[in-house]
Amino acid sequence: MLNKQEIGALILRLTLGALFFIHGFAKFQGGIENIVGWFSSMGIPGFMAYVIAVIEILGGFALILGLGTRIISSVFVLLMIGAILKVKLAVGLLGNGKMAGYELDLAFIAIALYLGINGSTFYSIDRMLFNSTKETKAV
């Protein structure tokens with residue numbers, strides 16, 4: 001029997017997956033070289049723009065499919081913590097009028113933490129591959 005938690009986790013997984021996929025795709029659409037330059041100006045190696053964009057695209061797609069939800073979500077938590085500490089912390093929670101703050105990043109962290117802790121196997125490849133109702137059962 002389907003419960004509300006499974007439906008809620010599915011909604012969170014699909015939403016987070018779609019948003020990260022779109023963010024990664026937009027980095028390439030808008031000119032990844034602009035992101036490379038921006039990263040370099042902040043002291044982040046430029047090649048990391050490619051790494052992060054690919055993680056966002058592939059990770060987002062994997063979440064949509066329900067493949068490795070707990071692992072991908074944990075990677076997204078680390079990615080967002082890095083974004084807050086390196087880029088957004090200086091502009092504050094709500095931003096400074098020129099740049100967005102880290103409020104959205106905190107929401108992404110909360111969603112990713114939930115999925116990292118609880119997983120989401122409803123309509124997932126993980127469920128089909130491993131034939132389980134939970135990715136990992138807590139003891």
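**Helix packing, salt bridges and a nonpolar patch**

Helices α4 and α5 pack with their axes 8 Å apart, at an angle of about 155 degrees. This makes α4 roughly antiparallel to α5, where angles over 145 degrees count as roughly antiparallel, under 35 as roughly parallel, 65 to 115 as roughly perpendicular and the rest as oblique. Here axes are lines fitted to C-alpha atoms, for helices over the stretch in contact, and angles run from 0 to 180 degrees between N-to-C directions. The crossing of α4 past α5 is left-handed, a term used if the near helix is turned anticlockwise from the far one by less than a right angle, with clockwise giving right-handed.

The model is predicted, so local features need pLDDT of at least 70 and side-chain atom pairs count only at pLDDT 80 or more, while totals for chains, interfaces and linings use all residues. Residues are numbered from 1 along each chain as its sequence is written, and side-chain values use heavy atoms, with hydrogens and water left out.

The protein chain has six helices and zero strands, following the pattern α-α-α-α-α-α along the sequence. Helices (H or I, at least four residues) and strands (E, at least two) are DSSP runs numbered from the N terminus. Along its principal axes, the C-alpha trace spans about 50 × 25 × 25 Å. Of the 139 residues in the protein chain, 37% are buried; buried means under 20% relative accessible area, exposed means over 50%, and partly exposed lies in between, with a 1.4 Å probe and protein chains only.

The crossing of α1 and α3 is left-handed. Two pairs of residues give a closer view of distances within the chain. F25, in helix α1, is 29 residues from V54 in sequence, and their C-alpha atoms are 8.4 Å apart in space. With a relative accessibility of 42%, F25 counts as partly exposed. E56, found in helix α3, is 35 residues from F21 in sequence, with a C-alpha to C-alpha distance of 5.5 Å.

A search of the whole structure finds three salt bridges, each defined as a side-chain nitrogen of Lys or Arg within 4 Å of a carboxyl oxygen of Asp or Glu. One of them joins E56 and K27, with the closest N and O atoms 2.9 Å apart. Because E56 lies in helix α3 and K27 in helix α1, the pair ties together parts that are 29 residues apart in sequence. Both E56 and K27 are buried, and the relative accessibility of E56 is 5%.

Another salt bridge brings together the side chains of K88 and D105, at 3.6 Å from N to O. This pair links distant parts of the chain, with K88 in helix α4 (residues 69-88) and D105 in helix α5 (residues 103-118), 17 residues apart. K88 counts as buried at 18% relative accessibility, and D105 is buried with a relative accessible area of 6%. The helices that carry K88 and D105 are the pair described at the outset, with axes 8 Å apart.

R127 and E6 also meet through their side chains in a salt bridge, at 3.7 Å from N to O. R127 lies in helix α6 and E6 in helix α1 (residues 4-29), so this pair ties together parts that are 121 residues apart in sequence. R127 is partly exposed, with a relative accessible area of 24%, whereas E6 is buried at 16%.

The surface also carries a nonpolar patch of about 490 Å², made by F61, L65, L67, L129 and F130. The elements that give two or more residues to this patch are α3 (48-65) and α6 (125-130). Patches are made of residues with over 30% relative accessible area and no salt bridge, joining like charges within 9 Å and nonpolar side chains (Val, Leu, Ile, Met, Phe, Trp, Tyr) within 5 Å. Accessible areas come from the Shrake-Rupley method with a 1.4 Å probe, and for residues only the protein chains shown count as cover. Among the patch residues, F61 is found in helix α3. F61 is partly exposed, with a relative accessible area of 44%.
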